[in-house]
Amino acid sequence: MFMSNRAIPPLLAPRESEPLWIEPSQARSRARVERILAAARELLGEHGLVGLTMDAVARRADIPIGSLYQFFPDRNALIARLFHAQLMATDALVMEALSGARSMAELRKNIATLPRALYRYIADAPALVEIWRAVQSIRALRHLDTDDSRRMGLALFEAIRGQKGVSVDEARLARACFLVCDLLGAVVQAALEQDPAEGWELVEEWVLMAESYFDRILANRDS
């Protein structure tokens with residue numbers, strides 16, 4: 001993530017938590033974990049969260065149940081690892097959109113592509129939809145989504161703050177960046193519950209609202 005040397009607003013300060021899973025160091029163990037994750041994604045895509053049991057994952061991955069618990073002490077840890085992998089991919093889309101913009105006009109155009117790209121990426125993979133729903137439905141895991149909103153909000157904040165000629169209340173900009181990123185997840189999730197045409201329209205509405213919101217903030221208008 002690109003960051004300036006200037007202070008980071010507390011709202012966007014990274015709050016990374018310790019992983020719930022064990023990340024293997026040996027190639028053989030990493031390959032086994034990949035089999036586990038692939039099996040879990042298949043089960044989620046086929047049966048949803050109800051079908052994701054530790055026994056079912058071990059059977060689908062064709063490994064002893066003890067090997068599964070070696071890396072994932074419980075189902076929450078497995079879901080957290082699946083969500084982590086998903087975030088690595090979606091965060092890369094965000095960084096690609098935010099990095100390299102040479103003007104506010106270019107940055108604005110790139111920001112508008114984000115919800116469209118995220119919606120397409122997740123909608124094309126049923127397991128990703130189920131992973132997202134699982135994180136939202138399990139109280140012990142909801143902070144993972146909030147932590148990601150902070151990371152993406154900080155990236156957006158730095159991208160806007162780094163543009164020439166931008167003069168803005170940084171505390172307000174930080175709040176706006178966090179809210180826009182956090183609400184984007186809610187919008188994409190809502191869009192996935194609709195038929196594709198209606199879902200796409202919801203995504204487009206988010207783009208219009210976000211653009212209007214940032215226009216007012218960057219113009220230093222209070223309302």
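Q: How far apart are the end C-alpha atoms of helix 1 (residues 27-47), and does that agree or disagree with its 21 residues?
A: This is a predicted model, in which local features need pLDDT of at least 70 and side-chain atom pairs count only at pLDDT 80 or more, while totals for chains, interfaces and linings use all residues. Residues are numbered from 1 along each chain as its sequence is written, and side-chain values use heavy atoms, leaving out hydrogens and water. The expected span of a helix is 1.5 Å times one less than its number of residues, so the 21 residues of helix 1 should span 30 Å.

Q: Within what arc do the buried residues of helix 1 fall?
A: Buried means under 20% relative accessible area, exposed over 50% and partly exposed in between (1.4 Å probe, protein chains only). In helix 1, the buried residues are Ser29, Val33, Ile36, Leu37, Ala39, Ala40, Leu43 and Leu44. Taking directions from the helix axis to the C-beta atoms, these buried residues line one face of helix 1, because they fall within an arc of 160°.

Q: Which residues are exposed on the other side of helix 1?
A: The buried residues of helix 1 have cover that includes helix 2 (54-61), helix 3 (65-71), helix 4 (75-98) and helix 6 (126-137). Now turn to the other side of helix 1, where the exposed residues are Ala27 and Arg28.

Q: Which residue just after helix 1 takes a positive phi?
A: Follow the chain just past the end of helix 1. There, a positive phi of about 75° belongs to Gly48.

Q: How many helices and strands does the protein have?
A: Helices (H or I, at least four residues) and strands (E, at least two) are DSSP runs, numbered from the N terminus. Reading from that end, the elements run α-α-α-α-α-α-α-α-α. The count comes to 9 helices and 0 strands.

Q: What is the radius of gyration of the protein?
A: The radius is taken over C-alpha atoms, and the globule rule is 2.2 Å times the number of residues to the power 0.38. With 223 residues, a compact globule would come out near 17 Å.

Q: Which residues does Arg150 contact, leaving aside its neighbours within four places in sequence?
A: Arg150 sits in helix 7 (residues 142-161) and counts as buried, because its relative accessibility is 12%. Contact means heavy atoms within 4.5 Å. With those neighbours set aside, the partners of Arg150 are Leu11, Leu12, Ala13, Arg15 and Phe178.

Q: What distance separates the C-alpha atoms of Ala155 and Met88?
A: Ala155 is also in helix 7, and it is buried, with a relative accessible area of 0%. Along the chain, Ala155 and Met88 are 67 residues apart. Their C-alpha atoms are separated by 14 Å.

Q: How far apart in sequence are the parts tied together by the pair of Tyr119 and Trp200?
A: Rings of Phe, Tyr and Trp (its six-membered ring) pair if their centres lie within 6.5 Å; planes under 30 degrees apart count as stacked, over 60 as edge-to-face and the rest as tilted. The whole structure has 2 aromatic pairs, and one of them is the tilted pair of Tyr119 and Trp200, with 6.0 Å centre to centre and 50° between the planes. Tyr119 is buried at 8% relative accessibility, whereas Trp200 is partly exposed at 26%. Tyr119 lies in helix 5 (residues 104-123) and Trp200 in helix 9 (residues 196-218), so the pair ties together parts whose separation in sequence is 81 residues.
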